[in-house]
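Here are some questions for a first look at this structure. Each answer ends on what was asked.

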Amino acid sequence: MNDNKVQPRTRLLPATVMGLLVLAAFAVSARGGEEVGELDLSGPWSVALDSQDHGFEHRWFARALEGELRLPGCLAENGLGDDVTLHTSWTGDIVDRSYFTDPRYAPYREPGNIKIPFWLQPVKHYVGAAWYQRDVQAPVAWSGQRVVLMLERPHWGTTVWLDEREIGSENSLGTPHEYDLTDGVRTGRTQRLTIRVDNRMLLNVGPNSHSMSDHTQGNWNGIVGTIKLIATPPVWVDDVQVFPNVAAKAVRVRVRIGNRTGRPAAGRLTLAAEVCNTDRPHSAAPRVQSVQIDPKGAALELEYPLGADAQPWDEFSPALYRLTVEFTPDGDRLATPARRAITFGLREIAVAGTQFAINGRKIFLRGTLDCCIYPLTGYPSTDVESWKRVIRICKAHGLNHIRFHSWTPPRAAFIAADELGFYFLVECSSWANQGAQVGTGGPLDGWLIREGERVLRAFGNHPSFTFMAYGNEPAGPDGGKEYLAHWVEHFKKLDPRRKYTCASGWPMLPENEFHVTPAPRIQQWGEGCRSRINALPPATTADYRDFVGKHAIPVISHEIGQWCVYPNFDEIAKYTGVLKPRNFEIFRDFLNANHMGDQAHDFLMASGKLQTLCYKEEIESALRTPGFGGFELLDLHDFPGQGTALVGVLDPFWDSKPYVTPAEYHRFACETVPLARMSKRVLTTAETFAADVEVAHYGPRDLIDAPVSWMIRAVEGRQVAGGMLPIRTIPTGELSALGKIDVPLGSIKAPAKLNLEIAITGTTFANDWDFWVYPAEPAPDPKNDGLRIVHELDDATRAYLEAGGSALLLIPPAQVKTDAVIGFSTVFWNTAWTGGQPPHTLGVLCDPNHPALAEFPTEYHTNWQWWELIHDSAAMNLNGLPAELRPIVQVIDTWFEARRLGLLFEARLGQGRLLVCSVDIESNLDVRPVARQSRQSLLRYVAGAAFAPRHAITAEQVRGLFHSSQSPSTSTQRD
C-alpha cells in the first residue's frame, strides 16, 4: 500500500478560528470546576498511512500531513485502508481454510466479489502505523499549569510529538493513554500535535484475543474515545482509590498528590461525599486534614466515615457516591485548588463457601460474554447510554453479569453498570493461546502485570468491577501455572476490592479466589453426540453438585451453551457500518442453490425454538446446583467470528430474534426461578407424573410466607390438574425445596402434550415445562391389504409400486447414505471451527397439521418428545430428488452445507405411493412410546385416502438413499 494513499486534505482550521474554539472549550470546561481547564480535540485531523514504516526515518512529525479524517474514529470509518483480497493478512486464526480451495467458494474468491465466510468483512483493512496530526493552542490562562494529553481507546500503541519534541509512547490496550506535555507547551501559541498509532501485534497477546482479532471487533487503527488536553495545577490530585468497609459504613481513601514544582507544598486536603443517583439524598460530613507534600509528591491514606445512613451498592439498590478530593495550598489565596472527583459504591464482595456474597448477601452470577462485537463501528462505544442499552437488555433476560472475554471495556461501560447494578468480570486483553503463551519470561508476562495495574488504577473504584482475570484459556510451560499463580497473588495483595482468578477456562489453581471452568456444563468441546442432551433421554434432574463439592471456593461454569440457530438473513440490511456480513450472503447463496431459499425464515424459527430449550435446560441445570457460583453464557448474542457462531437469541446488535422474547427468557434465567425436577418428560397413561419443586432465589430479601401454585394445562389451555404447595419462607441466597407434585395420568386422553407451570403468587416469578403422555397400550395396525411395510426397494416392491400399490419404506438408520450426523440438540458452536463436530443439524421443521402427523402431537419444531425419534434415526440427503420435493419432517442442516435433509418424505413412484422414513419405529416399541405413536400415525396415514404424494421420483433415486453394502457404514445411530 502507498504510504500516502489517503483522502486529499480539503481544509484545516485556520489558527484564528482554532484559537476561538480553544478559548470556548476552555471557558466551558472551567465552569465545571474539576480542573483548570480542558480542550476537546475531536474534529478534523490530518492523517498519513505508513505501511512501509518510513515515518520515523523521514520525520513525519516535522511535516504537515496531507490527508484528512475525523477523530474520534477509525481509518475504516473514514474510508481509509486497503480493499480486502485473498492475500489480506488477517489478525486471527482461520481454522477452516476450505474457503481458499473448495469449489463452492470459487465465486467468492474472484476479484471484485471477495467475500469471506469466517468473520464479518471490513470495508477497508489496514494493519500498520498511521500518523494523525492537528494544530493545538493552549490558552494563555494555562501558563504555569500542568498540561496532559488524554487519548481514550487508541488501538494499539501510540507515540506522541508536540512540535518536534517526542513526548513518549504507551501500549495499553484497555486504558487511556496519557502524556504529560507540560515541558513542551507554549501557551497562546499554535503548536503541532502528532500521534502515531500502530495496530500491529506489538507483543503477542494472542491472535484470537478479542482486544485485537478480526474475529469480532476487527483490528482497526484509530482513536475512538475522548481526545483532549487537560490543565491542572502544578500540585494536583493525581489519583484517588476508595476501599469500602460496609460494616463500618466508612471508606479508606488512598490519595496520590503529584508535584511538578520541585518544592515542598503544604495545604488542606478535603474529602466530601454525597449520594449522586438515588431519590434518598445522603451526604457525609466533609473531612479536612492538613498535609505536607514532598517535592516529588505524596501518597496519603485517610479513613472517611460516611455516617449511619450510608447506602450500600448492589444489583438491586445501586447507590453511588460522588467523592470530591480537593487540595488547597496554604498561603496563596490566588492559587487554584486541585480537585478530583470520582464515583464509588459502598460494596464489598466476599467468598462465602462455594458462593459469592455482596455486602453479606449471597449472589448467583447469571452472566453472558461480551466478545467486543460492535458491527457498525468495529469498536465498542465510549458513551454511557449505549452501554446502558446493552445492560438493560441483559437484565431484561434475567442476567446480572458480563464477562469481557480477553478485553477490557471503556469507562462508559463501568459507569453504566454502576448506575444500573451489574457485575463485571474484566480481563487484561489477552487470550494467550494458538501461538501465544504466558510464563515464558517473554514480553507478555511483564505487560500483563502492568496492564492489570493500569486497569485497576483506571477503573478500580467502580463497584461493578467485581472480578478480574488475566484473560482466556492460556497456554504456556506447565500451562502457565507458575506465572499465573504469581499474577493472582500480586493482584490479591495490590487491590482486595474484587475477586481474582488466574484465567477463564483453566487452570484451577490453589491461588484462585474462584474458578471459571467448562467442566459443569451440558456439552464439552469435542463431545459431539455423546453429551447428555444427545445421549440420554430428556429429564430435568441433572446438576453439578458433585463437582462443586470437590472445591472449597466458588465455581463459575465457563462458556455454557454455544447452541446455534440458523442465520437470520433479514439482518443483512442492518450492517450499515464498517463491517459487512459477507458470510451471510454466502450462506444465503448456498441455501438458494439447494432450492430452499424460501425456507430461511422457517429454519430460523424452528432452530431458534430448539436453541431456546437447549439454553433453558443449560441454565436450569446450573440453578438446580446447590452452592453454585454461577454461569457465563456463550452467548446471549451472536458471535460472528470463528467461522460464524450464531449462538445468540440476540443478534450482534443486541436486538431480539423473533422466536423468543426477553420476558420468556427471563422466566428461567432471573434472580428467582421456580424449578421442577422430573425424571422423565415422556410418560404413558399407566404412570404417575412426578416432580420435585424447588426455587433458586437470589433476590434482595427473603420471600416471607410465599404461596406457590402449580398447574398442569393441556395445549388448548384447559386445566388438567393444579394445587398449592405448603406456604413457607423462601430464604434468599440459596436453592430451596418447596414440595412434591404427583398426578396419576390414567384419565388423560392420550397422546397429549401437557405443560406444568409453577408460580410464586403475588410476584412475577414463574416457570414452566412441557411433558408428553402416550397410550400405555399400542393401538392395532390399520388393516389395508394394499399397504406394504418394506426395508429396501427390491424388484418386487418396485413392481408393486409401479402397478399402483402403497408402501411405507423404513430405511434402517444404519443403511442411510449420509454424511450429516443428526443429534437432538442444535449445532454446538459451529461445524467449521470445530472440525465438523456433530451434530451437524439444527433440529427438525415440520407442518404439525400434515395428516401424516395427525396422531403425533408436535409443534413445527423440535421439542423434547422428538429425542426418542432422533436418537434412533439418520438424516437422509435429498439433494438428488426433485427440487420441489419437501420432506414432511425436514432436518435443518448446518448453513455451511445447506443440504436438503429429511427423516420423512412422500413421493409417487410409477402409479404407486411411497412414504419413506429413516427413523427406527420398529425396535423395542414396548419401551418407546414416542416411536410407537409415530408409527401408528404414519401407518394410518398411508392406509388412508389423504395419502396423495404430489412429486414423482424414480427407483434409482430411492436406491441412492442407501449406502452401498460394499462401502463403509455411514450409520448415525447414537452411542
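Buried means under 20% relative accessible area, exposed over 50%, and partly exposed in between (1.4 Å probe, protein chains only). This is a predicted model: local features need pLDDT of at least 70, side-chain atom pairs count only at pLDDT 80 or more, and totals for chains, interfaces and linings use all residues. Residues are numbered from 1 along each chain as its sequence is written, and side-chain values use heavy atoms, with hydrogens and water left out.

Q: Is Asn767 buried or exposed, and what is its relative accessible area?
A: Asn767 belongs to strand β41 (residues 766-774); strands (E, at least two residues) and helices (H or I, at least four) are DSSP runs, numbered from the N terminus. Asn767 is buried, and its relative accessible area is 0%.

Q: Which side chain forms a polar contact of 2.9 Å with that of Asn767?
A: A polar contact is a pair of N or O atoms within 3.5 Å; within protein, one must be able to donate a hydrogen and the other to accept it, and residues adjacent in sequence count only if both atoms are side-chain atoms. For Asn767, the partner at 2.9 Å is Glu620.

Q: Which residue in β47 stands opposite Gln890?
A: Strands pair if DSSP finds at least two bridges between them. β46 and β47 (residues 901-909) are antiparallel, with three bridges. Opposite Gln890 stands Gly902.

Q: Why is β46 largely enclosed by the rest of the structure?
A: Both faces of β46 are covered. The strand is largely enclosed because five of its five residues (889-893) are buried.
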